[in-house]
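Visitor: Can you walk me through this one? Start with helix packing, please.

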Amino acid sequence: FRVFLETFQNVSIKTRNLLKGTLDRKIYFHHIPKCGGTSLNRALQSCYVKWNLWESSNVLNLNSGASWKSAQALSKQVLPPDVVDDSAVMKLREELLFYFMSLGHVHYLSGQFPFSVLAHEHYGDKFDFMTVLRDPVDRWLSSYFYNNYRQPSDYRKLSMPIEDYIDSELGRSQGYEYAKFLGGVAKDGDFMTPAFIQQAKDNLHKFQVIGFLDHMDTFKLQFQKRYGAELRIKTLNKRPEKEKVLNEMIDEKMMASIREICHADIEIYDYAIDNFLRN
């Protein structure tokens, strides 16, 4: 029944776009992991999909798992699920970002790419850059629970108690995901320096639209005002009850450790709230 329902919805969306037309402006959705991007990506790309008989699809999504495997082969490295230095993956994704943006038929592009100043310089006049942020502690917890309990792919599938995860190098690295995905590829792999955090803040000003997961109604209004289209966002990847129970087991001491781990992302997030939501 679910497959039938999804097929019906896809047909309905394509028919609607055939009658009303797709969005004129190209959009690049900068998908930061565990920020509600799966649901939003589905809603955004539905504004572009159409009946394609002879031409290539105008919608393109990066396959994160495939890019991970490709980076391993090209760099001749083995990247275990708990690896922290994924620079080979991020460099490959930056190169793919350039390639995808150069394809003239692509009108909507999304993926977990690192922010690229060069890509913005070359294609910022052709694509609107868009992203959505989430409270960093909530994002950190969501990443832990997803990779330990719901990750369908082997490339980030973990089995680690949260107490060990908090003390692990991987767990600490999850506290600077905004710095990593917004600051760009760090040559020395250090995303925690004040200069790099400031670079991530500066790059936020290169986005046309910035949303916040806890304020999606504001984001939808902003989107409709800019593009003249209504976004229909359906929640995907809902948290199972088991994760909610586990989340309740996190005591204040553990939560304080998580907040400390996320201090770089909290600084960037608070800056984004002050500059792109309250204003």
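**Helix packing and cores**

Guide: Val137, Trp140 and Leu141 in α6 meet Met255, Ile258, Arg259 and Ile261 in α13. Contact means heavy atoms within 4.5 Å. Helices (H or I, at least four residues) and strands (E, at least two) are DSSP runs, numbered from the N terminus.

Visitor: What classes of residue are in the contact of α6 with α13?

Guide: There are 6 nonpolar, no polar and 1 charged residues. Nonpolar covers Ala, Val, Leu, Ile, Met, Phe, Trp, Tyr, Cys and Pro; charged is Asp, Glu, Lys and Arg; the others, Gly among them, are polar.

Visitor: What kind of model is it?

Guide: This is a predicted model: local features need pLDDT of at least 70, side-chain atom pairs pLDDT 80 or more, while totals for chains, interfaces and linings use all residues. Residues are numbered from 1 along each chain as its sequence is written, and side-chain values use heavy atoms, without hydrogens and water.

Visitor: How many residues are in the largest nonpolar core?

Guide: It has 38 residues. Such a core joins buried Ala, Val, Leu, Ile, Met, Phe, Trp, Tyr and Cys residues through side-chain atoms within 4.5 Å. Tyr28, Met101 and Leu109 are among those with the most contacts inside this core.

Visitor: Which element gives the most to this core?

Guide: α14, with 5 residues.

Visitor: New topic. Lys180: buried or exposed?

Guide: Lys180 counts as buried, at 7% relative accessibility. Buried means under 20% relative accessible area, exposed over 50%, partly exposed in between (1.4 Å probe, protein chains only).

Visitor: Where is Lys180, and what is in contact with it?

Guide: Lys180 is in helix α9. Leaving aside neighbours within four places in sequence, Lys180 contacts Asp86, Met90 and Phe191.
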